[in-house]
Structure formats: structure tokens, C-alpha cells
Amino acid sequence: MPQPTTAQKHKVNRDPISDAHVMLVEFQEDGQTLVHRAAVNNEDVTHNGNVYSRSSISVNLPTSSDRDTGATLKMSNIDRVIGRTIDAATKRINARLILIDTSIPDVAIVDTGNLLIVPNAQGDSTTITMELAPRASLLEPVPFQRTTQALFPGVWFA
Amino acid sequence: MTNTSPAFMLLPLIGSLTEVRPPSYASDGSELGSVRRRQRMTRDLRGFKFDVWATSVEKVTFDAFYTTDLSRGVQSFNWTHPDTSEVIDVLLSGYPDFTMLSADLYSASINIEEV
């Protein structure tokens, strides 16, 4: 998880922001090498040599409850790429969110790494709606380490 | 495969050509009158709207182009801007409205979107 610099934090709070901040999304079935990459933008974005296809993706954050936190993600399934991936998956699907500033596209401001999973998804020929949950909700053993702010991308906005 | 638009679509023959650009930025407003903006997308996708005359033969040509070359509107094609001669990759927003004005004369309202 990259630590945003003070300058990056300052820039995101500035008005106007003349360089677009673009969210990149990666999907990968656990254990598979194929990664599907999408960018919330109207043209393809290259980040560290990987091309992220332009996509329409909207994210809804949940209301507070005593259940596990899970955001809802809705994206286009016109090209059926993500739909086929979900349909063919036999293991869990990992998701990764990356935020970049297009003036320095190779530097991630936020990168969730492999901390997100897609516990369920449904869709039709035009859209896929899926839930994004933290990997911690799997209740699987994780390598011991101290919990740091880097594990919680939301605190970057604090 | 890159498709090229039929000849009669190269010039807006009736009235004017309108170019629109949906905002590529996110914006808010307030009752105080101040507006804040940030860039959301990295590109402006233009839209063009114009009307052309078409003969019956040109309509048949266009229908074949629409049905076969464009796979009924799914494929993009190269359209040449009549003023700047810029070649733009566009999609038809939908099948154009063809209005028959008299025998062998149609007017067509064409909406295209840059992709």
C-alpha cells in the first residue's frame, strides 16, 4: 500500500483539479495468472506497463450496519469479459482498486493490493453488479503483522 | 476492419452542423453561486448532429452500409469532418430518421458520437 505524499494529499483537495484522478480495477480468479484490467475513464490507461480498458464502473458504499462492510460495484458487461470470468470461476475472485493521477500514471496513490474479494455477483447482458468485500471477511488465517493505516485505504482521505 | 461513411454523409447539406461535448469533469454547485470542478476523464468525446438530403439510391446505399458494414449500428466508422477534414472514428447514435419529402428525395437526421 503506497503512502500518499503530503503533496498528493494537497492536490486531491485542491480546486480545480486539472489532472484527472482515475480509478483502476483489476479482477483475478484466485490462483490464475490472467488479470482483467479496467479503468474508469473514456480512454484506455496504461499503468506500469499494463493497459486498463476504458469502462463504465460505479461504486456504491454501504450504509453502516453490524455486518461485514461491502461496497457494491456496477459495471458494463457489454463485452462479456467480466461476465464470462465470473461465470467460469471456480475459486474466489480477487479485486484490486488502484487510484492514479494521470499526470504521473505509473505512481499509485491508493492501491488495495489483494485485500478485496468479490463474494457474489449477478448480472445480465449489459451490466454486472457485484459486491466488494474485504478479504478479512473470509476469516481465513492471514500472516501476522501489525495493523497499520496502510491496510485501510479510506483513511487516506482523513 | 475500418469502415468509411457513404459519400452523402460527408457534407451537412441542410442547415448547420452541431458539435456537442459532454463535460469530462465532475462539477458541483451551491446556492452561494460558487462552483468547484475536477477533471474526471482524460478525453473529450464529441458528438455531431446534422441533416442531409438523400436520394432513394443513396438511402439504399446507406441501408446496406448500416446493415452490413456497421452490423446494424454496432461497428464504428471513419467520418470526415466537413470543415476541418479531420477523420474521426464515430458510432451512429441510432438509425437516422429518414423523412421522405417527395419521390426520390429524403431528408435524414444523423447523430454520431466519437468513440
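Is B:Arg72 buried or exposed, and how many C-beta neighbours lie inside 10 Å? B:Arg72 counts as exposed because it has 10 C-beta neighbours inside 10 Å; a residue is exposed if 12 or fewer other C-beta atoms lie within 10 Å of its own, buried if 20 or more do, and partly exposed in between, with C-beta atoms placed from the backbone.

The legends below refer to a predicted model, in which local features need pLDDT of at least 70, side-chain atom pairs count only at pLDDT 80 or more, and totals for chains, interfaces and linings use all residues. Residues are numbered from 1 along each chain as its sequence is written, and chains are lettered from A and ligands numbered from 1 in the order in which they are written.

**View 1**
The loop between α1 (56-69) and β6 (77-80) of chain B holds B:Arg72. Helices (H or I, at least four residues) and strands (E, at least two) are DSSP runs, numbered from the N terminus. The 14 residues of α1(B) should span 20 Å at 1.5 Å a residue, and the end C-alpha atoms are 19 Å apart, which agrees; the expected span is 1.5 Å times one less than the number of residues. Among these 14 residues, one is buried, and α1(B) is hardly covered. B:Ser71, which follows α1(B), has a positive phi near 50°. B:Arg72, a residue other than glycine, likewise has a positive phi, near 55°.

**View 2. Strand β9 of chain B and its partners.**
Strands β5 (residues 47-54) and β9 (residues 105-114) of chain B run antiparallel and are joined by eight bridges; two strands pair if DSSP finds at least two bridges between them. Within this pairing, B:Phe48 has B:Ile112 of β9(B) as its bridge partner. Strand β7 (residues 87-92) of chain B is also antiparallel to β9(B), with three bridges, and B:Val90 stands opposite B:Glu114 in β9(B). Five bridges link β9(B) to strand β8 (residues 97-102) of chain B, again in the antiparallel sense. Here B:Asp97 stands opposite B:Ser109. The hairpin of β8(B) and β9(B) has two residues between the strands, and B:Asp104 in this hairpin takes a positive phi near 65°.

**View 3. A:Ala95 in strand β7 of chain A.**
A:Ala95 is found in β7 (residues 93-101) of chain A. A:Ala95 counts as buried because it has 23 C-beta neighbours inside 10 Å. Leaving aside residues up to four places away in sequence, A:Ala95 touches A:Val25, A:Glu26, A:Phe27, A:Leu116, A:Ile117, A:Val118 and A:Leu132; two residues are in contact if their C-beta atoms, placed from the backbone, lie within 7 Å.

**View 4. A:Arg80 within the fold of chain A.**
Chain A has two helices and 11 strands, and 23% of its 158 residues count as buried. A:Arg80 lies in the loop between β6 (71-76) and α2 (81-88) of chain A. Although not a glycine, A:Arg80 has a positive phi of about 65°. A:Arg80 is partly exposed, with 13 other C-beta atoms within 10 Å.

**View 5. The contact of chains A and B.**
Chain A gives 10 residues to the contact and chain B gives nine residues. The side of chain A that touches chain B has three nonpolar, four polar and three charged residues. Ala, Val, Leu, Ile, Met, Phe, Trp, Tyr, Cys and Pro count as nonpolar, Asp, Glu, Lys and Arg as charged, and the others, Gly among them, as polar.
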